[in-house]
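Here is a short briefing for a reader who is new to this structure.

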Amino acid sequence: MSIAVRNVTKTFAQFKALDDVSVDIPTGSLTALLGPSGSGKSTLLRVIAGLDTADSGTVQIEDRDATNLPPQRREVGFVFQHYAPFKHMTVYDNVAFGLRVRKAGKAETKAKVDQLLELVHLEKFQTRYPAQLSGGQRQRMALARALAVEPRVLLLDEPFGALDAQVRKELRAWLRRLHDEMHVTTVIVTHDQEEAMEVADEIVVLQDGRVQQVGHPHEVYEHPANDWVMGFLGPVTHFGDLLVRPHDLDLAHEPSDDAMPATIVRVTRLGFQTRVDLDADGEPIYAQLAREATDRLTLDPGTQVHVRHARGEALPPSAPDSVPAAVEEPLAAEAQSGRAQVR
């Protein structure tokens with residue numbers, strides 16, 4: 001089921017949460033709405049669900065105008081960050097709730113709930129109560145509850161935000177596998193760049209209520225629409241007055257026409273990669289090196305090296321005074337893998 005959002009604007013008091021937003025979400029896709037806090041991503045999801053009403057603009061679901069339809073008539077399943085389980089109900093009863101509201105028969109309800117609990121790997125926990133489950137198990141229960149009524153669109157609002165990092169990573173992989181099995185049009189809201197890159201077929205990047213870029217994860221990472229998108233989606237540094245990815249920088253002892261001299265300030269080993277902080281004539285920059293590249297050369301603070309762009313970008317004549325605030329490297333992107341080489 002496709003979704004088409006056209007020229008949607010939504011204002012809360014004096015705050016414009018969405019400003020003339022238009023987005024197309026293809027049938028059967030898993031689309032991530034990605035942006036920092038206050039960018040409008042959750043508001044856009046709620047407008048699609050019918051939980052918020054746009055001030056202007058339209059929402060179409062499968063070529064049907066859903067702008068003024070109530071949530072229960074939009075055939076969407078909604079999963080909130082805190083999953084809101086019925087604490088007095090067992091896992092089985094939580095998942096069966098929507099089917100019972102729809103007056104489904106007992107045999108139909110049991111068959112559907114059993115199928116979903118097996119799908120989300122909770123078949124052995126159906127008699128437990130939410131308080132007896134882990135955070136990851138409660139989130140899987142919430143997804144099963146949303147899927148029980150067979151929604152044609154599944155909307156997830158920061159579904160893993162309250163979980164620890166390792167559980168989030170496991171559930172991301174599980175969600176991707178679940179989506180590939182069920183092919184339900186899915187929209188997930190997240191502020192986690194790695195999460196969006198890992199699970200989504202397409203990413204919609206929002207800032208200040210406006211769409212900055214839409215595209216495949218590889219496309220928006222490798223070909224960002226502007227400096228803000230580049231900085232938000234991954235680590236950035238300067239090469240002269242170019243904004244570049246630190247893993248696109250090469251280090252070498254030998255000078256070359258397309259390289260700038262720099263002095264190593266600090267070397268930090270981060271497991272499979274190494275961060276090398278450098279001083280290039282008073283300008284701080286840094287490179288990310290793969291482990292094998294680091295092992296080929298001893299990198300000591302105070303050593304002079306030469307920095308060049310691995311993709312052959314020409315060295316600009318001068319460097320700017322500082323990195324623009326909008327593209328300061330996000331902490332969540334520090335784990336991006338390194339590709340820089342040391343010769």
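Predicted model: local features only at pLDDT ≥ 70, side-chain atom pairs only at ≥ 80, totals over all residues.

A residue is called buried when its relative accessible area is under 20%.

**Helix α1**
- Because 7 of the 9 residues of helix α1, which spans residues 41-49, are buried, this helix is largely enclosed by the rest of the structure.
- The buried residues of α1 are Lys-41, Thr-43, Leu-44, Leu-45, Val-47, Ile-48 and Ala-49, and the helix is followed by Gly-50, whose phi is positive, near 90 degrees.

**Nonpolar cores**
- The largest nonpolar core has 44 residues, and those with the most contacts inside it are Val-95, Leu-154 and Ile-203.
- Helix α4 (residues 135-148) supplies the largest share of this core, namely 7 residues.
- Apart from this core lies another one of 26 residues, which include Ile-25, Ile-48, Leu-69 and Val-189.
- When neighbours within four places in sequence are left aside, the residues in contact with Ile-203 include Ala-32, Leu-34, Met-197, Val-214, Pro-217 and Val-220.

**The open sheet**
- An open sheet is formed by 5 strands in the order β13-β17-β14-β15-β16, with antiparallel pairing.
- Its edge strands, each of which pairs on one side only, are β13 (249-252) and β16 (283-290), and the twist from one strand to the next averages 45 degrees.
- Strand β15 (residues 273-280) runs antiparallel to β16 and is joined to it by 8 bridges; Arg-275 has Gln-288, in β16, as its bridge partner.

Technical notes
Residues numbered from 1 in each chain as written. Heavy atoms only, no water. Pairing = 2+ DSSP bridges. Helix = DSSP H or I, 4+ residues; strand = E, 2+ residues; numbered from the N terminus. Axes fitted to C-alpha atoms, helices over the stretch in contact; angles between N-to-C directions. Buried < 20%, exposed > 50% of the residue type's maximum accessible area, 1.4 Å probe, protein only. Core = buried A, V, L, I, M, F, W, Y, C linked by side-chain atoms within 4.5 Å. Contact = heavy atoms within 4.5 Å.
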